[in-house]
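Please keep the model open beside the text as you read.

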Amino acid sequence: MGSNSCGFVVVPKRKEVVAAVLPMQEHWLPMSNLDLLLPPLDVSVFFCYKKTPTNSKGSLLDIDNTPATATATMHARESNGARVSTLKKALAQALVSFYAFAGELVENRLGEPELLCNNRGVDFVHAYADVELNELDLHRPDDSVHGKLVPFKSRGVLAIQVTELKCGGLVIGCTFDHRVADAYSANMFFVAWAHIARTPNASPTIPSFRRSLLSPRRPGHYHPYIDNMYVLMSSLPLHSNAKEPEPNEENGDIDGHLLSRIYYVDAEEIDRLQSEANGMNLVNGGERRRSKLEAFTAFLWKLIATAGDDISKRCKMGVVVDGRARLNNKSRGPGCVNGDGADYFMQNYFGNVLSVPYGEETVGELKAMELSQVANVVHECVAHATKEEHFLGLIDWVESHRPEPAIVKVYCKEDTDEAAVVVSSGQRFPATRVDFGWGPPGFGSYHFPWGGQTGIFRSPFDCTSSILQYPAPKKLPMECDKLETELIIYFGNVLSVPYGEETVGKLKELSQVAKVVHECVAGHEGGALPRDDRLGGVASIGKGDCQGILQRGYR
């Protein structure tokens with residue numbers, strides 16, 4: 001670590017390995033067929049915590065400026081060093097149940113990964129950064145977060161870095177191997193870890209490692225369309241694995257390379273997009289209502305197409321679908337329903353339960369279609385992947401091709417493609433529940449140091465962050481002249497909470513109280529998300545038409 005382009009220095013104070021607090025019998029945990037569809041990819045997530053505020057009398061306040069709870073007060077009085085100790089102690093307890101994160105991935109004789117549950121532990125770094133939370137340029141996580149506030153994982157399955165900030169704030173960054181866990185699984189772990197730190201004697205959620213829930217059928221069978229969704233690695237052209245050229249920043253040549261940006265979109269804009277995406281679907285009592293995710297995915301798909309000059313080139317759009325709610329195991333017979341708790345175990349299943357259906361249209365077709373038409377295409381694309389049979393068929397497809405590794409086809413950008421983007425919804429990103437005892441994070445986000453040419457977009461509607469990454473278009477059309485970057489958007493709830501305080505004697509008259517309230521919030525008007533100078537450089541995206549959503553974009 002050291003100096004970086006954002007101008008602050010991160011210095012490691014201590015490096016150690018945290019293992020589960022209880023001894024564990026070493027054993028092997030096989031990867032499910034759905035795990036085997038994931039390439040070697042590390043995913044990061046970070047949570048930013050403000051220093052717990054105090055009022056003029058020194059009384060501690062919670063994150064919303066109400067009197068702090070006893071637990072929050074206790075932790076806030078501790079130094080950050082003591083907080084780090086609390087995190088490590090809770091981590092050692094959480095790894096007893098989430099033992100997969102304390103193991104190692106090892107290749108078996110067939111070349112497939114298997115999880116060795118040996119309690120090697122988690123690499124844990126305690127660091128210090130000479131920067132304040134409100135100085136972090138969260139709009140550009142490649143510069144401010146990557147390799148600085150989230151760790152590079154060199155060993156094991158999970159690595160954690162806790163960074164103290166100059167202002168007294170704290171950033172908790174984690175990096176994990178996607179082959180072992182999807183975001184749903186990681187979220188379970190973060191919530192359980194925080195729950196243990198906050199209430200040590202409580203019993204958090206216990207994850208399920210019951211691989212039989214995802215075992216292939218005998219005999220197996222699957223729909224032929226799965227052959228168009230996934231591709232064997234051996235069938236890819238050799239140049240697909242070639243190293244991409246380094247970007248030439250002097251002439252601005254960043255074609256084919258991904259950048260990360262975080263943006264904000266007002267909820268009203270998403271509602272308006274949803275209304276437009278519904279179009280004629282709701283006329284005359286129709287019930288073909290499009291979800292917010294479908295509406296925004298359609299908008300994003302059309303927007304990317306407007307950047308293309310060659311109307312014959314194709315734009316691919318994929319959507320990540322979680323299969324936990326779809327796999328009710330009813331089709332496997334009475335032995336897998338209710339009595340053995342299969343539904344419960346599936347809800348708490350730890351591993352990957354994902355599918356990535358995708359659609360493709362030409363640039364010309366997408367430009368000519370109305371948003372409601374594109375939303376219908378998105379809906380039809382995703383609909384078949386929301387059925388149990390789809391996931392059972394996908395499991396059987398992998399089984400029929402093992403040990404040959406495979407990958408989602410949309411990740412393999414072809415020469416005839418204008419762009420390929422995958423959207424992943426983070427509606428269930430539990431940022432507000434990752435409270436270790438000093439309040440929930442003021443900001444949180446996943447971070448994908450993705451090395452491919454297909455963009456990844458995370459879009460939580462009710463949480464605190466999202467990242468979109470995709471290769472820079474060579475030229476932006478006039479309709480997007482307000483967009484100065486090739487990267488799009490973040491939307492969610494990021495709030496600034498100003499507060500005032502007065503003695504009881506001064507608050508007797510309502511008019512006086514109203515005046516105090518007005519003066520308190522006067523400097524914070526302008527929307528839920530402050531401009532760049534008030535929340536670490538997160539770009540605020542204003543109202544207007546579809547292109548107006550992108551008006552604050554910049555490199």
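How many bridges join E2 and strand E5 (residues 113–117), and in which sense do they pair? The two strands pair in the antiparallel sense, over three bridges. What you are looking at is a predicted model, in which local features need pLDDT of at least 70 and side-chain atom pairs count only at pLDDT 80 or more, while totals for chains, interfaces and linings use all residues. Residues are numbered from 1 along each chain as its sequence is written, and side-chain values use heavy atoms, with hydrogens and water left out.

E2 and E5 belong to an open sheet of three strands, with the order E2-E5-E4 and antiparallel pairing. Its edge strands, each pairing on one side only, are E2 (27–29) and E4 (104–107). From one strand to the next, the twist averages 40°; angles run from 0 to 180 degrees between N-to-C directions, with axes fitted to C-alpha atoms. Within this sheet, Leu29 has Leu115 in E5 as its bridge partner. Strands here are DSSP runs of at least two residues (E) and helices runs of at least four (H or I), numbered from the N terminus; two strands pair if DSSP finds at least two bridges between them.

**The whole protein**

In total, the protein has twelve helices and 20 strands. Of its 555 residues, 54% are buried, meaning under 20% relative accessible area with a 1.4 Å probe, protein chains only. Among contacts (heavy atoms within 4.5 Å) between residues at least 6 apart in sequence, 77% join residues at least 24 apart.

**Aromatic pairs**

A search of the whole structure finds 20 aromatic pairs. Rings of Phe, Tyr and Trp (its six-membered ring) pair if their centres lie within 6.5 Å; planes under 30 degrees apart count as stacked, over 60 as edge-to-face and the rest as tilted. Two of these pairs are set out here.

| Pair | Centre distance | Plane angle | Class |
|---|---|---|---|
| Phe101 and Phe189 | 5.1 Å | 75° | edge-to-face |
| Phe436 and Trp438 | 5.9 Å | 25° | stacked |

Why does the pair of Phe101 and Phe189 tie together parts that are 88 residues apart in sequence? Because Phe101 lies in the loop between helix H2 (80–97) and E4, whereas Phe189 lies in helix H4 (residues 183–198). Phe101 is buried, with a relative accessible area of 1%, and Phe189 is buried at 0%.

Methods: Buried means under 20% relative accessible area, exposed over 50%, partly exposed in between (1.4 Å probe, protein chains only).
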